[in-house]
Amino acid sequence: MANARKQSLHTKQVTAFFFFLSLVHGNALPAGDQLRVYNDQLKPLLAVRCFSCHGSLKQEAGLRLDTVEFMLKGGDSGHGIVKGDPDASLLLARVSEPNPALRMPPEDEGDPLTVHQLGMLRAWITANSPTDPNEKPEADPRDHWAFVPRVRPTVPTVAVKSDWLKNPIDAFISYVHEKNNLVPQPQADRAILVRRLFIDLVGLPPSAEELAAIDSDTSPDWYAAIVDRLLADPRHGERWARHWMDVWRYSDWWGLDEEHRNSQKHLWHWRDWIVESLNRDTPYDEMVRQMLAADELYPDDPSKLRATGYLARHWFSWNRTQWLDETVEHVGKGLLGLTMNCSKCHDHKYDPIQQVDYYRMRAFFEPYHVRLDVVPNDMDLKRDGIPRVFDGVLEAPTYLFVRGEENKPDKSHSIEPGVPAIIAFKDLTIAPVVLPTVAYYPERQPWIIDAQLDAASRAVELAQAALTKIVLALVAEQQTLQRLAVDPQQAIEPAAESTVVPHHHAQAIAQTAVDSLELEVGVYQRAVDIALAEKHSIERRAAATRLGWEVSDAVAPVSETVQERMKQTAQLAVQAERELAVAHAQHNLAKLRLQLLRTPADKKEVEKAIDSVRNELEKARSAVAEPGELFTPLKLIGAKWSTTRFRTTTADDPPLAFPATSTGRRRALATWITDPRNPLTARVAANQIWMRHMGRPLVSTVFDFGRKGNAPSHPELLDWLASELVDQGWSMKHLHRLIVTSAAYQMTSSSFGAESNMGLDPDNRLLWRRDAMRLESQVIRDAILAFSGTLDLTFGGPSVPPTAQADSKRRSLYFFHSNNDRNPFLKMFDDADVKECYQREQSIVPQQALALSNSRLVHDAAAQITKRLHAAGQSIGGDAGFIAQAFILLLNRSPTKDELADCMQAIEGWQKLSSGETLIDANHRAHTHLVWALINHNDFITLR
Amino acid sequence: MNHLPRRTFLADLGMGFTGLALGAMLHRDGLAAGAEWTPPNGQPHFAPRAKRVIWLFMNGGVSHLESFDPKPMVTKYGGKTISETPYAAVQNPARLSLERAMAPDANGQQRNTLFPLQIGFKKHGESGIEVSDWFPHIARTIDRISVVRSMWTSDSNHMAQTQFHTGRNMLDGEFPTLGAWVHYGLGSLNDNLPQFISIGTREYWNKKDGLYLGPAHDAVPLRIDPQNPLDFGQPQQAFSREAQAIGFDLVKSLNGRTAIEYPSDPQTAARIASYELAFRMQRSVPDVVDFSQETAETKSLYGLDLPHCKEFGTQLLAARRFIERGVRFIQIQHGGGGAGAWDAHSGLQANHEKLALAVDQPIGALLVDLDRRGLLDETLVLFATEFGRTPGSQGSDGRDHHVFAFSVWMAGGGIKRGFVHGATDELGFHAVENRHYVTDIHATILKQLGLDSHKLEIPGRKRLAIDHGKPIDAIIA
């Protein structure tokens, strides 16, 4: 029915079309006008409707339509157009085809061309398809700067200003300056430079002492010396970890209230791995490999497995597609600078990425799941555990979703993992990884059994301690009884009058207590026996279990001796378990005897119970010696799969086993991404690193290096930096050192005296000065705490929960930070959005002023800093001396005369506000206010 | 270097315009090169008819066909393709050429099969202007309104939101928004409150307004929550108002001194201004969003007692209270993030009915309330959206993006009451009579505020004629 209607519509459309055609023929335009029609209307129409499949990006059916020459040449089916003969022009035939299955553009790419558009095309062909003689085809995407192989550029020779140059970076920048008549700004003051280096490399300001020491350093190498020192400082890893946590989307878990839906608990293990790796200068490529595939590359190294937190973070309990969509999107944007996500529903409109490429990329991740591995010192996965990935469903198929719709998978065939052809510089080899036993039997990690043994030993200690306590109570009561026997009068405690007890009663009570306690000691003694038997049983069963593993792992057939040993070990384990049963029965008996004493009323039932337990005990005793080899296996848990709810959000999916092999897909992807020949990886990383040092990226679309992104402002510099990164073993510290020791880095951010530059390049696009940077939220808070001397420099560990943050003095990167929980102070200063943060915002809003001027953090800090300065004798110079020292500490520079005068005036005003406090107190308060003001100074939160 | 007249400098900041204006101060005092250019002095260029603007923007694209531009022919030919109607010529390619797609995707296509109007229209008021039945409250105030039915834009995707605010297609880059221009051009009416406020989500375009005018001209984003009007709104330790005042003065003067060492640094200037404002906002913002002094009648007028109106009603009542206190420009976005809630590619009827229910009563209330308080004469209210929706259907029950025609309306601030301007063709496809690009709205608003956008231009930032637009004089009373 619907088809019939459609058909009739088309018939009508075609009729109308011929009607219109006659109009067009009747009003044929001169050739010059047809050229204009082509340039202004037809070509733009073809560009929007046809080029993405028939242009430089793709040549479906061998056909391109981006020049008339291509149209004439045509494709697999023949000429696209024939000049002057519209009826022989296939292009016209296909776009005016009534059958939607044959018509172009395809049905799902929007409506057919309108009658008018068809008429226009026909008229233009009739008029011999005029075009510009030098019509240029669309640029070839293979020539796009980011897709071409990276070649190490030659460092340009710069004619003038060579005294400005400090390293090759400056040659590249200077070269551009010269071409654009720009003059670089001079070096910033030493104090500014020191502050820059400290904030940039360790995320904390220099202390007054550090600053003074550096200031008096007359060596010419003073600058390089600080750089070396700061790069070696463990705080460097924390500072740069926060940068990479932005890019790699670190987020603690979140969900709805307590229901865990996103990311993973204990994800801080990954954060600690980032900090440690950066401090060790683990090469960038190695870090990426570990994040994507440590479970395939280092399956038995728990320390490296932490890296896969990168993928564990994408975990989403309810929907596999949403989870993998985010994975594909951010592996693309974060590691490759590719907007793969734009090709989920259709081929990419700008980059040579087909829709199927999206699903090929997804296929790398299709098998992976997430689990928590038990850590050596805590068996309780609620408290700790390492979130890591593993290939859980090895045969999971990947289907292309028609138009990206999850409910329309094309199940005709499963898509194999692969990379977009444009960057397929080598064949991808995917080989399955045979995993070591501990990877799929995580309970075989030695610490799992050890933890049970430890727990058993602790239980013995606890039982013994309890026994000692009860024995001491018995001894005390026995002494009381003895005293009563010797001198009943004396022994009565001088208690409250109402509770005076006749002495014969007291004796009886004491006797009862002693009788009861004697039995109770028996109960506790039996409890110790149980703990010992339990420990013994675990030891015996552990020995048997371990032997069993050893035997099952052995390649050689099991010898008779070993068989005999196994038998013996198993028998011992069984025996120990039976001894444990005896201990339990004895414990029960002791408890019943005590009960009999305490509740004589229940005598009948209790005696009955005692008989029954005695029977049990007899049986248990005689069972000990009986043969038997079937012991109860130890309850060993080495890891727990992070349960998904893909089928229904109200029930867990069926449990997943840990397979003995991994597909090797992610290992192959990681190898491909980190191959030095990959044109994107190093460029994207170098751009990120440059941006975080300089305040401005070389490619402003930091996550899109594709054809829709922006071209680099300094393409050769970018390639040179990327080459340095790769050629120096992907050492990030090498790149940090290069950048911070460049003259470009050390320029002043002031535009003072640079009117000419201002006129030529007001936005400093070509880097004739430094850009001032607003400090990131974490640095602001950390600096405030550092100055007040309260910063807690403890490394690593679980994230500080939101409720503890107000009082915590830990560095901000350790704060629990998720989609749902964001620290209110950090939030004010453009904190990282956990969903996507490739570059921080640097907003300026009054709310930031309120946070800095009103928060307890700042007020407490002002008081502490003032106290510290006073304690250090910095108030000796009076108010002026205090002001000078406060400036040096907080802004790393001395106040100017005018600033000093401003501050003196304010201090005077504050002192006058005194209401009856002592002069010293008023003075102290005024100084505190001054410190508050300097924290609120724009230069406090700005890196000049 | 140190002879900068501090008093003048601070007075300038107190006026609430900074950023380049600060740079301009330095120019004026001969501290920077080039003295030929005079920056705005905070005064209108000619006598204004309006002092303040409330800019209501519906994210996603309201259907003009189902709000303020009834087209019976769309219903009459419903189910037919456009080429089957007598109006086939609307798709003449030459007439479609203004469209510039920013990000071609499945949307923003030609839709050929006419989709009947999903709601009825009635004439209202003495003016007899037709308004769809989804907007009964706005309909009741129609005699205060000038409807412009002949708008066009060029970006067939949601970057058109940006385009409506900046006047530029995103393919051209990023430019200041109209609110930023107004903020840049005019002095403050109340130093205790931000002069440019943004309420609601604006996810689809850059969160910045000032761009080359500097961050000091970005809107201050406010969340209207009477329970928690302002984070860190009060000192969390004992700090008397007097001591705080001395502190803020000191911070201001110290920051001002670095502005000399770091000239042309809009960040410093913006930081100074943000402190000025923060100091005063602590007291004034909680007061504005405290509705306890409002009568029950007013609150229910805005629909605060109705769950579906409460959020938007709260924002509009706050807007009136901000306006009363002299806030210059309030930009309120409705429809949340992403493409915007009004983006009815499918299920248009349910979509528009629900959203209209949320905004109609509060908007009607705003006009009534402003009018009865005598504020409407000097307050210009704009109701706008990024583009219209296609006469043809997308899927079975939606409409696609449509750049060739859409409707906006203005009220107050010297705008004619009960007036219709411009017209679309029989299908509502093209604006055909008195066509207006989005910057004509900008020009109209600037004119009513007494500003000439040519005089606001910055050296080195030449604007095109189309950026300035032309005032729609026909709707000016």
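Helix H34 (residues 878–891) and helix H35 of chain A, in this predicted model, have axes that come within 10 Å and cross at roughly 120°. Axes here are lines fitted to C-alpha atoms, for helices over the stretch in contact, and angles run from 0 to 180 degrees between N-to-C directions. H34(A) and H35(A) are therefore oblique to each other, given that angles under 35 degrees count as roughly parallel, over 145 as roughly antiparallel, 65 to 115 as roughly perpendicular and the rest as oblique. The crossing of H34(A) with H35(A) is right-handed, a term used if the near helix is turned clockwise from the far one by less than a right angle, anticlockwise being left-handed. On the H34(A) side the contact is made by A:Asp879, A:Ala880 and A:Ile883, and on the H35(A) side by A:Leu900, A:Cys903, A:Met904 and A:Ile907; two residues are in contact if their C-beta atoms, placed from the backbone, lie within 7 Å. These residues divide into six nonpolar, no polar and one charged. Ala, Val, Leu, Ile, Met, Phe, Trp, Tyr, Cys and Pro count as nonpolar, Asp, Glu, Lys and Arg as charged, and the others, Gly among them, as polar.

The contact between the chains takes 54 residues from chain A and 58 residues from chain B. Helices supplying at least two residues each to the side of chain A include H1 (2–26), H2 (31–49), H35 (897–912) and H36 (919–935). H32(A) gives the most, with eight residues. By class, this side of chain A has 23 nonpolar, 21 polar and 10 charged residues.

An open, antiparallel sheet of chain A holds three strands in the order E4-E3-E8. Helices (H or I, at least four residues) and strands (E, at least two) are DSSP runs, numbered from the N terminus, and two strands pair if DSSP finds at least two bridges between them. Strands E4 (386–391) and E8 (639–641) of chain A are the edge strands, each pairing on one side only. Neighbouring strands of this sheet are turned by 35° against each other on average, direction ignored. Strand E3 (residues 368–373) of chain A is joined to E8(A) by three bridges, and A:Arg371 stands opposite A:Trp641 in E8(A).

Residues are numbered from 1 along each chain as its sequence is written, and chains are lettered from A in the order in which they are written. Local features need pLDDT of at least 70 and side-chain atom pairs count only at pLDDT 80 or more, whereas totals for chains, interfaces and linings use all residues.
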